[in-house]
Structure formats: structure tokens, C-alpha cells
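Hi there,

Here is the structure I promised to hand over to you. Please open it first, and then read my notes alongside.

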Amino acid sequence: MEKGKILVTGGLGFIGSHTVVELQKEGFDVVIIDDLSNTRIEVLEGIEGITGIQAEYVNLDLKNKVQVQAFFDQHKIEGVIHFAASKAVGESVEKPLKYYENNISSLLYLLDSMNDHKVTNIIFSSSCTVYGQADELPITENAPIKLAESPYGNTKQIGEEVLKDVSKAGDLNAVALRYFNPIGAHSSGQIGELPLGVPQNLIPFVTQTAAGIRKELSVFGDDYPTDDGTAIRDYIHVVDLAKAHICALKRLIDGKNKSKMEFFNIGTGKGSSVLEVIKTFEKVSKKDLNYKIVARREGDITAAYADTSLANKELNWKAELGLEEALASAWQWQLKQK
Ligand code: UD1
């Protein structure tokens with residue numbers, strides 16, 4: 001039987017573009033849907049520059065149910081990796097409807113069309129945000145789901161619930177990958193993170209400050225109950241994260257999944273504090289970073305890092321790159337931006 005294509009929604013975004021590269025390297029035929037709401041069309045050239053393969057690309061808004069159906073009428077799809085979503089936590093608090101509409105409606109229409117076209121495999125971008133401040137570290141997949149801190153976080157929880165119900169009711173097989181903190185860029189320097197406006201996340205703010213685009217980095221709080229007082233996260237290289245999607249996809253395609261809906265933590269298993277990130281960045285970039293300590297950011301947790309043993313065993317996947325490599329790649333990427 002002719003193999004179908006892999007649909008990557010949000011395939012021109014940060015994690016999506018790196019995943020498209022890994023899919024193409026593994027010989028998958030990829031079709032990207034992206035509405036360019038938070039990225040640029042040039043990413044397509046970056047992908048081709050790395051793999052030598054021009055990915056098929058469709059500019060489509062997943063909130064348009066009719067167009068989503070038409071897309072599935074026109075393409076034979078074997079599996080879906082669903083990245084397309086809005087992801088700014090602060091904005092989601094101000095514009096909750098935008099987030100529920102963007103992140104939930106699109107998922108519903110996608111699942112509806114998949115069902116109509118007998119497409120049974122989906123990988124969903126979830127987040128460690130579903131655990132809130134976990135009671136125990138490292139965090140396993142069995143840690144309780146905490147009340148969401150933001151509409152953004154809530155859309156990830158609801159997305160998982162929707163998939164659980166839909167997979168139970170029919171032929172769908174789903175994997176939710178709960179990402180810890182994705183950072184870094186492709187080693188080629190051809191694709192990376194493209195934050196629009198003032199970055200909210202730590203690493204783009206760090207690299208932009210070092211590049212002189214921002215005056216000073218604010219470290220949000222040094223009174224956390226951690227060794228140096230700053231908050232701890234599990235920073236994972238985006239290329240390692242992209243590879244986890246290939247492992248999860250193959251698991252579904254080969255029918256190796258143990259239940260209709262599975263969840264995996266995707267991180268390095270190692271926690272780093274904000275000050276450790278700064279020190280490591282200064283080391284790899286050979287630049288002094290201008291920073292000051294300010295008050296905590298509302299909604300931030302003290303510490304989160306993953307227990308990745310389930311993903312290591314079941315997906316046969318393990319993060320291979322460390323914080324130094326991730327920060328060095330983020331810096332190389334920053335230096336290439338105009
Ligand atoms: C944030 C979201 C999370 C989302 C993820 C997506 C919040 C509360 N959480 O994670 O739901 O899945 O982004 O990438 O927004 N920091 C500074 N100064 C800065 C920026 C960040 O000190 O200018 C600190 C933060 O306080 C935190 C760490 O750096 O301790 C990482 O922050 P960030 O990159 O924004 O990620 P999260 O907050 O962990």
C-alpha cells in the first residue's frame with residue numbers, strides 16, 4: 001500500500017520546523033500546514049537548506065472547518081503531528097477566548113476530519129505546565145494534573161482530555177508529549193526560534209540581551225527555595241525534542257503503543273537554575289550578560305524537571321545534548337539574525 005504523508009500543523013514554528021527536518025531525514029513525506037500567525041515563510045527555505053527537500057506547504061487556518069476537510073480530501077495522510085497553537089502565557093490571560101478558539105477549535109476540527117478520513121495517528125504538543133508545581137521531583141507522568149495557572153495551560157489540559165475521550169470512542173491512537181523547556185536551534189544555523197516582539201521566555205531574552213537588542217535581562221526572583229534562590233527548569237535542546245516526535249510517530253505507525261492514549265515527559269531529566277543558565281551562557285558565548293534581580297513573575301513555579309525513564313524505555317528516546325550545546329546553538333542562531 002502506498003504510504004501516506006505526515007501532516008505537521010504549525011510546521012513552520014520553532015519546534016515544528018525542527019521536527020519537519022528530522023521527519024525528512026527519516027524518509028517521511030511531509031506536508032506542512034501553517035497560517036504564519038507567529039512565524040515567517042522563510043523558515044521553509046531554512047528547512048530545505050538543511051535537508052535539500054522542499055516540503056509541501058499549505059497556508060491554512062485550522063479554525064476553518066471547511067478548509068480542513070478539503071485539505072484531507074486532497075491529501076492521503078498517515079499521521080498527524082499537531083503543533084499549531086498559540087503559546088504566550090501572558091497573552092492568554094488577557095485574551096482567553098483567542099486561546100480557547102485557536103487551541104481547542106483547531107484540534108476539534110482536525111480530529112473531526114481525521115475521523116472522516118480514517119486517519120488514526122496523532123502526536124499532540126502538550127506541556128509540563130499540566131503538572132503545575134509538582135509535589136515531587138523529578139516529575140513522572142503519574143504526577144497529578146494541577147489546576148491550570150493560565151488559559152494557555154488550560155488549553156493543553158483540555159487538549160489532552162479531548163484526545164483521551166476521542167481515542168476511547170473510536171479508532172484514534174494518540175500520544176501527548178509533555179515538553180519541559182525547549183531551547184536552542186539547529187546546528188546548521190538555518191532554523192531556530194523567531195520570537196515576535198519582546199521575548200517572554202528566558203533564552204531568547206538572554207541571547208537578545210547579549211546581542212545588544214535588549215538592555216538588560218531581568219531575573220525573576222532570587223528568593224525561591226533553591227540552592228541559589230532562582231527557579232529551576234529542565235531545558236531541552238529542540239533537536240532532541242524533535243527526535244522524540246519521530247520515535248512517538250513510529251510507535252503509532254508500527255502499532256507498538258500500549259494504550260489508545262499515551263503520555264510521555266520529554267526533558268533532559270536535569271534541572272538548571274536561572275543563574276546557572278546565565279553562567280553557562282556567559283561561558284559558551286564568552287560574553288558578560290547584563291542582568292539584574294527583580295521580583296518573581298506571577299504564576300511561575302519554583303522547580304520542574306522531568307523523570308524521563310518512561311520515554312527512555314517506551315520510545316527508545318533519550319536527550320543527547322546538554323545545556324551548553326543548547327545555549328551555544330541559540331547564540332549562533334542569534335548572531336545570524338539581522
Ligand atoms: C513558560 C510557560 C509555560 C510554557 C513555556 C513555553 C509561564 C509561567 N510558563 O514556561 O507554561 O509551556 O513557557 O515555552 O509562563 N525568566 C527570567 N527572566 C526572563 C524570562 C524568564 O528570570 O526574562 C525565568 C522564569 O522566571 C523561569 C525561567 O526563567 O524561572 C524560564 O522561564 P520561561 O522561559 O518563560 O519558561 P517557563 O516559565 O518555565
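A nonpolar core is a set of buried Ala, Val, Leu, Ile, Met, Phe, Trp, Tyr and Cys residues joined through side-chain atoms within 4.5 Å; buried means under 20% relative accessible area, exposed over 50%, and partly exposed in between, with a 1.4 Å probe and protein chains only. What you have is a predicted model, where local features need pLDDT of at least 70 and side-chain atom pairs count only at pLDDT 80 or more, while totals for chains, interfaces and linings use all residues. Residues are numbered from 1 along each chain as its sequence is written, and side-chain values use heavy atoms, leaving out hydrogens and water.

Let's begin with the cores. The largest nonpolar core has 39 residues, and Leu 23, Ile 32, Ile 47, Ile 123, Leu 177, Ile 266 and Leu 315 touch the most other members. Several elements give two or more residues to this core, including helix H1 (14–25), strand S6 (173–179) and helix H8 (238–253). (Helices are DSSP runs of H or I with at least four residues, strands are runs of E with at least two, and both are numbered from the N terminus.) H8 gives the most to this core, with eight residues. Another core lies apart from it, with 24 residues, among them Val 68, Phe 72, Leu 172 and Ala 176.

Next, the ligand. Polar side-chain atoms of Asp 300 lie 2.5 Å from a ligand oxygen, and for Arg 233 the distance to a ligand oxygen is 2.6 Å.

Finally, have a look at helix H7 (residues 202–210). How many of its residues are buried? Nine of its nine are, so to speak, mostly covered. Those buried residues pack against S8 and helix H9 (274–285), among others (contact means heavy atoms within 4.5 Å). Just after H7, Gly 212 takes a positive phi of about 85 degrees.

Enjoy exploring!

How values were computed. Polar contact = N/O pair within 3.5 Å; in protein donor to acceptor, adjacent residues only side chain to side chain.
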